Amino acid sequence: MSQIFVDACFRKPTPHTPIWMMRQAGRYLPEYMAVREKAGNFLNLCHAPDMAAEVTIQPVERLDVDAAILFSDILVVPNEMGMELEFREQLNPEKALIGFTGSPWTLATYMIEGQGTKTYAIVKKKIATDPEYMH
């Protein structure tokens, strides 16, 4: 097993600079589109371990990159915690959609605030007044 990416993270010598790409399993791969169609929708794909693993590996095999990016979505965690979630078709098809992940803080702020915020007023108040809830 190649450890080029891990070795580079620990500043060990590597034969080349490791390569990986954000959203490398994106919509551009026909094999990804086939698996997503089979899943029925994006959330089904995220919640099906075999399919999520398949689309995680597809770009590694096709592009020979040095690391796989686990296929998922930031909002899968709150969804598993009982928060209702659905993805609706709303983006102009000429525009790209970029996925990302977040820390527990990021997830908590989205779950509590309901959206991104510059002040985090609601979540900060919740930390001060109800730390057990925040835990």
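Mentor: Let's go through a helix, then some ring contacts. Keep in mind that this is a predicted model.

Trainee: Okay, helix α4 to start: how many residues does it have, and what span does it reach?

Mentor: Helix α4 covers residues 49-63, so 15 residues, and it reaches 22 Å from its first C-alpha to its last. At 1.5 Å a residue, 21 Å is expected, so the two values are close.

Trainee: Which residues of α4 are buried?

Mentor: Met 51, Ala 52, Val 55, Thr 56, Gln 58 and Pro 59 are. What covers them includes α2 (30-39) and α3 (42-47).

Trainee: Now aromatics. What describes a pair of rings?

Mentor: The distance of the centres and the angle of the planes. A search of the whole structure finds one aromatic pair here. The ring centres of Trp 105 and Tyr 120 are 5.6 Å apart and the planes are at 55°, so the pair counts as tilted. An angle over 60 degrees would have made it edge-to-face.

Trainee: Where do those two residues lie?

Mentor: Trp 105 is in helix α6 (residues 104-113), while Tyr 120 is in the loop between α6 and α7 (121-129), so the pair ties together parts 15 residues apart in sequence.

Trainee: What sits over the ring of Tyr 133?

Mentor: The charged end of Lys 126, 4.4 Å from the ring centre.

Methods
Residues numbered from 1 in each chain as written. Predicted model: local features only at pLDDT ≥ 70, side-chain atom pairs only at ≥ 80, totals over all residues. Heavy atoms only, no water. Helix = DSSP H or I, 4+ residues; strand = E, 2+ residues; numbered from the N terminus. Buried < 20%, exposed > 50% of the residue type's maximum accessible area, 1.4 Å probe, protein only. Contact = heavy atoms within 4.5 Å. Phe/Tyr/Trp six-rings, centres within 6.5 Å; stacked < 30°, edge-to-face > 60°. Lys NZ or Arg CZ within 6 Å of the ring centre and 35° of its normal.
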